[in-house]
Amino acid sequence: MTHVPAWLTAIPVAHRGLHDNATGVPENSIAAFKAAVDAGYGIELDVRLSADQQAVVFHDAKLDRLTGREGMLSEHTAQQLSAMPLLGTSQRIPLLADVLQAVNGRTPLLIEVKNYGNSPVGPLEIAVCAALGPYNGPYAVQSFGPLVVEWFRVNAPHMLRGQIATKPGDMRQLSAAEQRIYAERLEAGIGQPQFIAYDVTHLPSPLTQRARKAGMPVLTWTVRSPAQWDKAKAHADNLIFEHWRP
């Protein structure tokens with residue numbers, strides 16, 4: 001039986017914050033995170049590594065979709081990134097430290113470490129730990145990368161850690177060979193995760209069925225309608241949602 005804090009299964013989690021591009025609240029922005037806090041939801045967010053080794057809150061590897069700029073996020077310093085507007089709004093790309101200061105423990109955070117194993121495991125994870133070191137609010141770290149989850153197990157065992165997963169064939173950023181390795185590492189459970197966050201379109205799965213049988217919580221992502229959650233809730237203990245409010 002896996003012992004986890006009650007919030008992990010009790011509080012619905014807003015995917016990239018409670019964002020709404022139509023009203024000027026971009027994903028992974030301070031405004032989206034404050035909206036989630038005000039509505040009583042948890043927050044899922046993404047972190048990547050800047051050129052100067054800072055944990056930056058941003059989903060994509062490339063800047064263009066959210067900033068209109070060419071190039072990779074990893075080519076810019078934290079200071080440069082913090083000056084970039086999101087979707088033409090007044091919101092800027094936040095650092096993880098900025099988000100922690102804004103949320104200030106008022107709601108739980110699910111922090112996705114955006115490292116699939118193609119980049120060296122360590123630099124981003126160290127930056128995440130450095131930002132979280134003085135933080136007293138509830139949070140968990142999670143990643144698609146089993147090696148990332150393993151890194152936190154070995155180097156930060158006090159942090160609640162989760163394995164994000166989907167069918168290996170849906171990991172389109174990986175080659176066929178990498179997908180096989182990903183599947184093998186998932187099956188082996190090398191990170192010894194304390195919860196699973198699984199793709200809602202592929203529930204139930206053997207992985208989630210084994211997890212729940214063993215008493216490990218299962219979250220599911222990204223739930224985009226009440227009907228989708230009605231179908232998924234028999235196989236998951238909580239949801240990461242978007243574009244509606246549970």
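Which residues do ring pairs link into a cluster? Ring pairs join Tyr 41, Phe 241 and Trp 244 in this way, where rings of Phe, Tyr and Trp (its six-membered ring) pair if their centres lie within 6.5 Å, and planes under 30 degrees apart count as stacked, over 60 as edge-to-face and the rest as tilted. The model is predicted, with local features requiring pLDDT of at least 70, side-chain atom pairs counted only at pLDDT 80 or more, and totals for chains, interfaces and linings using all residues. Residues are numbered from 1 along each chain as its sequence is written, and side-chain values use heavy atoms, with hydrogens and water left out.

Five aromatic pairs are found in a search of the whole structure. Among them, Tyr 135 and Tyr 139 form a tilted pair, at 6.4 Å centre to centre and 50° between the planes. Tyr 135 is buried at 13% relative accessibility, and Tyr 139 is buried at 14%; buried means under 20% relative accessible area, exposed over 50%, and partly exposed in between (1.4 Å probe, protein chains only). In the pair of Phe 144 and Trp 221, the ring centres are 5.6 Å apart and the planes stand at 85°, so the arrangement is edge-to-face. This pair links distant parts of the chain, 77 residues apart, with Phe 144 in the loop between strand 5 and helix 7 and Trp 221 in strand 8 (residues 218–223). Helices (H or I, at least four residues) and strands (E, at least two) are DSSP runs, numbered from the N terminus. Phe 144 is buried at 10% relative accessibility, and Trp 221 is buried with a relative accessible area of 19%.

On a 1 Å grid over the protein atoms alone, a pocket is an open set of points with protein on both sides within 12 Å along at least five of seven lines, a cavity is a set of points where a 1.4 Å probe fits but cannot get out, and lining residues have an atom within 4 Å of a point. Grid points are joined across faces, edges and corners, and a volume is the space filled by probe spheres set on the points. Strand 2, strand 7 (195–199) and strand 8 each supply at least two residues of the pocket lining, and the largest share, three residues, comes from strand 2. By class, the pocket lining has nine nonpolar, eight polar and 11 charged residues, with Ala, Val, Leu, Ile, Met, Phe, Trp, Tyr, Cys and Pro counted as nonpolar, Asp, Glu, Lys and Arg as charged, and the others, Gly among them, as polar.

The structure holds one cavity of 30 Å³ or more, and the largest cavity has a volume of about 40 Å³. Its lining consists of Val 113, Val 141, Gln 142, Ser 143, Val 148, Val 149, Phe 152, Arg 161 and Gly 162. Strand 5, helix 7 and strand 6 (161–165) are the elements that give two or more residues to this lining, which divides into five nonpolar, three polar and one charged.

Helix 6 (residues 123–132) is largely enclosed by the rest of the structure, because seven of its 10 residues are buried. The buried residues of helix 6 are Leu 124, Glu 125, Ala 127, Val 128, Cys 129, Ala 131 and Leu 132. Their cover includes strand 2 (42–49), strand 3 (55–57), helix 5 (96–103), strand 4 (109–113), strand 5 (139–143) and helix 7 (146–155).

The count of salt bridges comes to 10, a salt bridge being a side-chain nitrogen of Lys or Arg within 4 Å of a carboxyl oxygen of Asp or Glu. Within helix 7, the side chains of Glu 150 and Arg 153 meet in a salt bridge (3.6 Å, N to O); these residues are three residues apart and therefore separated by about one helical turn. Arg 212 forms a salt bridge with Asp 237, with the closest N and O atoms 2.8 Å apart. Arg 212 lies in helix 9 (residues 206–213) and Asp 237 in the loop between helix 10 (226–232) and strand 9 (238–241), so the pair ties together parts that are 25 residues apart in sequence.

How values were computed:
Contact means heavy atoms within 4.5 Å.
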